[in-house]
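Thanks, everyone. I'll take the charged pairs, then the packing. Here is the model.

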Amino acid sequence: MSIETLTAPDDLVAPFQIEGEPVRGRLARMGASVDEILAAHAYPEPVANLLGEACALAALVGSNLKFEGRLIVQAQGDGPVRYVVVDYDTGGALRGYCRYDEDAVAKAASGFVRPGAKTLLGEGVFIMTVDQGVDMDRYQGITTIEGETLALCAEQYFAQSEQTPTRVRLAVGQADFGDGPTWRAGGMLIQNIAEDENRGPTAEAWVRTQAFFETIGEDELIDPTISAETLLFRLFHEDGVRVFGPKPLVAACRCSQARIESVLTSFSAAERAEMVEDDGHISVTCEYCSKTYSVDPASLAEA
């Protein structure tokens, strides 16, 4: 049997609603999209896991934006990982990057338990930024890093910044389809819709849905053979669940030759002269996707 018949659709976010209940959610499944982001750098496993969680979280939250723009998920602190950042645009494009101290990460990972967000990031902040474009103000919410997972950071963010009861589960791992291990990520987010005169009390439904949510295994979230529909049916078949049209995800960096040249023109001719390497060109590597651009300084002088 071919790999294609064994695997379920990947790289998507599927919105869903519990039938007859005031609970909605989204389920993310990431294969090639997250593998491309994580494989762009030789990240230590704990760092790759942290960035993979951030990618899944950005997809879950960003896919709910009702306008064209970007969601930026970022956490930074004084720990072995200085910061992790992922941005998602409403077309489904993702890019992400981690900056870290390799020796400090190795020391933190020397125990029996894989270090989580708090251990890796230390004392710091978790930030979500909504960018609606150049003509609109950015919206930014900030909370302290309290939990060992980014899922807990996100739950705290929603509780403090939006007063919306929210649960998040994230998972990252590797699978081998015969050509070597590749990274996978997955996540689920559920939210309680506020009660009103028509909807009535929602607390009981929220408690019930959370009980089902707690049964999710990390392996299920990243299992390439389980489709989004199958997993949601496993969890919520007693109440029924309606799955809406999925939104695609893709790894896509926004760097380009033109962007790099535009940035370089902001430097003076003297500053650019100091950047010239032995081959007579300026070499610039994108910190997100690791692509290297070669720029002839003469072309900038003519611009």
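Let me start with a definition: a salt bridge here is a side-chain nitrogen of Lys or Arg within 4 Å of a carboxyl oxygen of Asp or Glu. Before I use it, some ground rules. This is a predicted model, where local features need pLDDT of at least 70, side-chain atom pairs count only at pLDDT 80 or more, and totals for chains, interfaces and linings use all residues. Residues are numbered from 1 along each chain as its sequence is written, and side-chain values use heavy atoms, with hydrogens and water left out.

How many salt bridges does a search of the whole structure find? The count is 16.

First on my list, R29 and D10. Their side chains meet at 3.1 Å, N to O. R29 sits in strand β2, residues 23–30, and D10 in the loop between α1 (3–6) and β1 (12–18), so the pair links distant parts of the chain, 19 residues apart. Helices (H or I, at least four residues) and strands (E, at least two) are DSSP runs, numbered from the N terminus. Are these two partners buried or exposed? For burial, under 20% relative accessible area is buried, over 50% is exposed, and partly exposed is in between, with a 1.4 Å probe and protein chains only. R29 is buried at 3%. D10 is partly exposed at 25%.

Next, R70 and D131. This salt bridge is 3.2 Å, N to O. R70 is in strand β3 (residues 70–77) and D131 in strand β6 (residues 124–131), 61 residues apart. R70 is buried, at 17%. D131 is buried too, at 12%.

Then R167 and E155, at 3.1 Å, N to O. R167 lies in strand β8 (residues 166–176) and E155 in helix α6 (residues 150–162), so this bridge ties together parts 12 residues apart in sequence. R167 counts as buried at 16%, and E155 at 15%. There is also a network: salt bridges with shared partners join R70, D87, R95, D131, R138 and R254.

Now the packing. A nonpolar core is a set of buried Ala, Val, Leu, Ile, Met, Phe, Trp, Tyr and Cys residues joined through side-chain atoms within 4.5 Å. The largest one has 64 residues. L51, L57, L94, F126, M128 and L150 touch the most other members. Helix α3 (residues 45–62) gives the largest share, 12 residues.

Take M128. Beyond its neighbours within four places in sequence, its contacts (heavy atoms within 4.5 Å) include L57, V61, I72, Y139 and F158. A second, separate core has 22 residues, among them A14, A171, W206 and L221.
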